[in-house]
Amino acid sequence: MDLIIKFSKSIPKTCEALAAFTSEKKKLPDAVGVLDKELKGFISEALKTVPSYSGKPRDMFSCVLPKNSLATHLVLQGALDAKEVTTLEIEKAGARFWKALLALKSSEIALVPDHKSPLSEAIIAAHLAHGVKLCSYSFEKYRPAAADAEKTPGKVTLTIVTPAATEAKKLYEALSAVESGVVLARNLVNEAPNVLYPESYAALIKAELEPLGVKVDVLDEKKMDKLGMGAILAVGMGSARPPRMVIMRWNGSGKKDEKPLGFVGKGVTFDTGGISLKPGAGMDAMKMDMGGSAAVVGLMKAVAVQKLKRDVVGIVGLAENMPSDRAYRPGDMVKSYQGKYIEVLNTDAEGRLVLVDCLSYLQEKFDPALIVDLATLTGAIMVALAYEYTGVFANDDKLWKALEAAGTATGEKVWRMPLDEAYRKDVESDIGAVRNLAKNDRLGGACTAAAFLEHFIDEKRIWAHMDIAGTAFLKTDHPLGPKGATGVGVRLLDALVKSYGA
Ligand code: BES
Ligand code: MN
Ligand code: ZN
């Protein structure tokens, strides 16, 4: 389904469904009030006689309009209290409208925002559109066309009716760039692992980002071998599909000497666990084990489309974790790119191996101003935070504060987790530098995984690790999208980059 967003000062004549907010006491906005008068009070009468509609914030009401009205359907929603209005709440309200409208199968929709709000009319209109668009996402690549036609018309036009149409359109341009990054990330995570594997993934990144002016370099297994990237190579060894590392550079400052913001993503295109094989039930979900990399790729797209004025480097480590006669084993000693030997004790703790070679390469080659890595790293973070919060391990209070603010603004909630000497000790190896399974085994598994990464972060580097294992892929719909891939990280990191002066 194609959803086209427009902004206009008046309700289009062609509109089939009309959506609007009612204020406290079910009062209709002016544009709908006029219609109500034309219909001799049909709408206000209906509102009075339907006891289930309270008019309270978020309450929904819909009805069919009489013949020859401006529209065939009307959908109303109780406006938010002025004091709870934020761009995020507006987006969620837009999403609620979309869910109600979807059922009506209209192809022309007009949405009239509530104008009594502390935010400007343009901001409200743009973020309503943003919420609708994010919520309207669906992964349709493999579904028979007939099934889609049953759900929605092929093309839907949604017009937001606002006196600030010109300004809203301009604001929405930046938001729609962010949407393109979120959609890309969601599509990547939802994609099947027989279609998206390291080589095809790297080619896709090139095709997506190079036309936007992002420099994309791909390291294949030969180049990584020459460079001594033993950790990511070990993880990829068991697969017939060799690993890749992809380096994406956006030179938004136009300068040569600006320190970039650095982002790293885990891109395990499928995680069977390797020789330490995972149980079969639910293993299909492990196609989402590249969610961190998808967030980084989506962010690079959002940054490039908006032409943000900061230098940004994204690095993703792509590998498939498979059991085979060539696979790495528990007991293996693996030499990382940085030089430290890693004692492999469980081949299912593979994400940290992929990440550390990316992190070392980023620090050595790009001397970044800060580093944020994202990874579906541990089941343990889900034991702690379930699907609600991304766990964040940060070695710098200012970076943590910036991530927290970005998380609150975008609804991609984050919770700070501890970095500690004790966890670092727990992953030290008796025969090498570090071990990929903590001595405490799975206790505090998210913390010991972060501590493992910390062993590869140079002193004085500003760094945060985000464990998105619980938030990258959901079993149920959420306020701004359907079940499946969420694209978590794209909106948050876009806000973070902007907060660092882009
Ligand atoms: N990709 C998994 C983590 C994961 C689990 C992501 C569930 C999303 C949902 C990771 O590679 C893994 O297998 N981690 C192990 C580590 C353990 C062997 C120390 C885990 O969490 O069980
Ligand atoms: Mn694993
Ligand atoms: Zn994994």
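User: Which residues coordinate the manganese ion (ligand 2), and how do you know they are donors?

Analyst: They are Asp 271 (OD), Asp 348 (O), Asp 348 (OD) and Glu 350 (OE), at 2.0 to 2.2 Å. A donor is an N, O or S atom within 2.8 Å of the metal (3.2 Å for Na, K and Ca). The distances fall within that limit, so these atoms count. This is a predicted model: local features need pLDDT of at least 70, side-chain atom pairs need 80 or more, and totals for chains, interfaces and linings use all residues. Residues are numbered from 1 along each chain, chains are lettered from A and ligands numbered from 1 as written, and side-chain values use heavy atoms, without hydrogens or water.

User: What coordinates the zinc ion (ligand 3)?

Analyst: Lys 266 (NZ), Asp 271 (OD), Asp 289 (OD) and Glu 350 (OE) do, at 2.0 to 2.4 Å. Their spacing in sequence is K-x4-D-x17-D-x60-E.

User: Why is the zinc site called octahedral?

Analyst: Its six donor atoms make angles of 77 to 176°. Six donors count as octahedral if opposite ones are over 155 degrees apart and all others between 65 and 115. The zinc site therefore gets that name.

User: And what is the site of the manganese ion (ligand 2) called?

Analyst: Irregular, with angles of 71 to 169° among six donor atoms. Along the chain, its donors follow D-x76-D-x1-E.

User: What makes Asp 271 a bridge?

Analyst: Asp 271 coordinates both the zinc ion (ligand 3) and the manganese ion (ligand 2). The two ions lie 3.1 Å apart.

User: How do you know that Asp 348 makes a polar contact with ligand 1?

Analyst: An N or O atom in the Asp 348 side chain is 2.8 Å from an oxygen atom of ligand 1. A polar contact with a ligand is a pair of N or O atoms within 3.5 Å, so this pair qualifies. The side chain of Asp 271 has such a pair at 2.9 Å. For Gly 379, a backbone N or O atom lies 2.7 Å from a ligand 1 oxygen.

User: Which residues are closest to ligand 1?

Analyst: Lys 278, Asp 289, Asp 348, Glu 350 and Gly 379, out of 18 that surround ligand 1 (a heavy atom within 4 Å). By class, the shell has six nonpolar, four polar and eight charged residues.

Notes
Polar contact = N/O pair within 3.5 Å; in protein donor to acceptor, adjacent residues only side chain to side chain. Nonpolar A, V, L, I, M, F, W, Y, C, P; charged D, E, K, R; others polar. Tetrahedral: all angles 85-135°; square planar, octahedral: opposite > 155°, others 65-115°.
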